[in-house]
Amino acid sequence: MHFAETDLDLCGGFGLNDGPPMKALTTLLSLALALPLSAAAFLDSPQNGGLSLKAISSLSFGMDGLLLVADPSSQSVFAIATKDTGPFAQPPKVADLAGTIAPGLGTSAENLTVKDMAVNPASGTVYLAVQRRPDNATLILTVDGAGKVAPLQTDTLAWASVTLPGGSASKVTNITDVAFDGDRIFATGTCNEEFASRIFTIPVPIKHGSTANVISAETYHVAHGKWETKAPIQSFIPYHANGASYVVGAFACTPIAKFRVDDLASKAQVKGVSMVELGSGNRPLDLFDYTDKAGKTWLVVHTQRFKENLFGPSKFWGVRVATALLDGPAEKTNEQALRRDVAAKTGPEGIEIVDGLFGALQVDKLDNGHAAVLRDDAGKLSLEIIDLP
Amino acid sequence: MANSWWLVAAGLASADPAPVRVEVPPDGSLVEVITAAAVDPDWAIFPADAIGTALLGRVETRRGRIIFHPALPFLPGQRYCAQWQDQAGLRRRLEFTLPAPKADRPSVTILPRATLPANAVKIYLQFSHPMEQGIFLDRLRLLDSEGQEIPGPFRETELWSPDGTRLTVWLHPGRQKSGVNLNIDEGPVLRPGGSQTLVVAGSWRDTNGLALGEEIRFPVKVGPVDHESPVMSRWQISIPRAGTYEALTIKFDESLDPAMLRTTLSVANASGEMVILAVEASPDGRSWSAVPEQPWEPGDHELWADPSLEDLAGNSLARPFEVDLSAPKAQAVARTMRRFEVR
């Protein structure tokens, strides 16, 4: 390590009469934020400060500003009481987000990857998991209702971490998704060496230093009623219908499947039931549900096509699926599941393209009328809020 | 702090600026400026080639010290410019650079080094150093026998080992799995009897910023499909002699996943205690050997295999990768233990 003695000319630009240089963004979540409400109550034996996240694969929010972070490097889920509990404010559009934040992270936009995005439903603030190349350093950035971009400052926040269990029956090296479901948290994990997923649960309150429970040792997918193979879950949401609890997940290939999760013995094998097929060549990325103005509930599936899109302007696109389709009869599942025509702009009934999701790299629900979208805008990332249909 | 450095920073309006000491730990997690003159930090650090937007971070001021915690660590080899205001109201500045670590260029090998079944689902790239992530699809190509690029051959999910040196490259399961949409529409990635080439771009950097250098090509030979589970009873076990540190060696009748072999086989002694072993798997996945920490005890031993252990087509001891539900269900419970006697 060395330092160079320098003078003004080497750095250029500043003089005595200059205004103060742009200050590092040291005040993070606004001071106007309310005092912590009940998010800390979700934590058992929490830590205060000293939080270090080596890698982030998924972000998700629970209630009252409870942020869930999946760290695959430690095979752990972190729960952070952010104190970000409102008031709610919709963020404005932030054009060229990566270009805006890159200098502040000591790099250029092409060396940044947004690994995941989540909206805090309590405040509307958007949280971004950002990774820098080549050192793979990771942090969480927030975009608040004023459009201010700042690192999440964790020094004074309470948090707890839970490890996903090791061992050959449940080994996990990547955590694909994590979600809050009231009295428990779900996480899905995959192993580098196996094409399969495991579903884990973490009881709430989240006890720091504890180990998650395995409720599904393996997940399967049945293709065309003949071939049954392991298949990993890419993304999921908790789902409740007719008194039963499910995880509704998007497989790494096309189906949307549901797994019943309320009557399982630990480490049981669970076979997903395919309810909807989005058609060949699609890779679901994110899911969320919402209720439209008419009171009808929908599952939004954000997706990437592997090849040219025949029905829209981008390989990144999305649909909304009437949740009633998730409750269909057994004879409408697996090989008989409702299937979308990959060449068609519309149909079948109950599956509708959401035009605002074309070009979206990351998506999350803002409220029942809006979604936050991180969009590829002519090669630059822009954060914007779209209306949900 | 492991290293510290004394600097004299030139003030803008003073020919005799106060001395300044600056320290940065090797991990670049913070910079500490120690100067009696610092009372008002008014502090900012810029990449020296991008003056205008300050680094994001947190400033901590103590008596005679300014400590800046950047949101992400300082990068080795990059020049930074720190600016602040001293006690006399003078704007101060200095530049510093974290030296790039002295390290060799990264290198890479492929696993398994064996003929792949046409329905193989994964290969591994083992790097010598942790590599930059998020760009693997831009750094890998698969060429067919004529040297033409095969479109969409890989699963987009990026899976690294915890130490960041081994990448699991999934051959697109949607194309490799029978009866799945892409398999029907576009056919499998690998063709039996074919000879593909995996091309790794030389621009791929390790986490220190050093690139592989030259493009690297790995020939990939392809054999017939394999839809059957490995069978433990077919393995040939070479039993070591009691009282020695000889290796217990197993030769398989087919290539097994060389990465999984490192963690999925274990040995118990006659008392049921696990024998602590140093394990090696051959790069072609055809053999496995293990040396005990203590000399082998005479008597019965048990070789245990985790049912998840797979061959190169993803067929595990427990079940084939693909199960034909229309076929008669005659599959027996997989055997995952064999006894052997050490004499």
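Two strands pair if DSSP finds at least two bridges between them. Helices (H or I, at least four residues) and strands (E, at least two) are DSSP runs, numbered from the N terminus. This is a predicted model, in which local features need pLDDT of at least 70, side-chain atom pairs count only at pLDDT 80 or more, and totals for chains, interfaces and linings use all residues. Residues are numbered from 1 along each chain as its sequence is written, while chains are lettered from A and ligands numbered from 1 in the order in which they are written.

**View 1. A mixed sheet of chain B.** Strands S10, S16, S15 and S12 of chain B form, in that order, an open sheet with mixed pairing. Strand S10 (116–117) and strand S12 (140–143) of chain B are its edge strands, each pairing on one side only. S10(B) runs parallel to strand S16 (residues 216–223) of chain B, joined to S16(B) by two bridges. Opposite B:Leu116 stands B:Val222 of S16(B).

**View 2. An antiparallel sheet of chain A.** Six bridges link S30(A) with strand S31 (residues 370–377) of chain A, and A:Gln362 stands opposite A:Leu374 in S31(A).

**View 3. Confidence along chain B.** The pLDDT, the predictor's confidence in each residue from 0 to 100, averages 84 in chain B. Among the elements of chain B, strand S1 (residues 5–8) has the lowest mean pLDDT (37) and strand S18 (residues 248–251) the highest (98). Where pLDDT is low, the predicted coordinates should not be read in detail.
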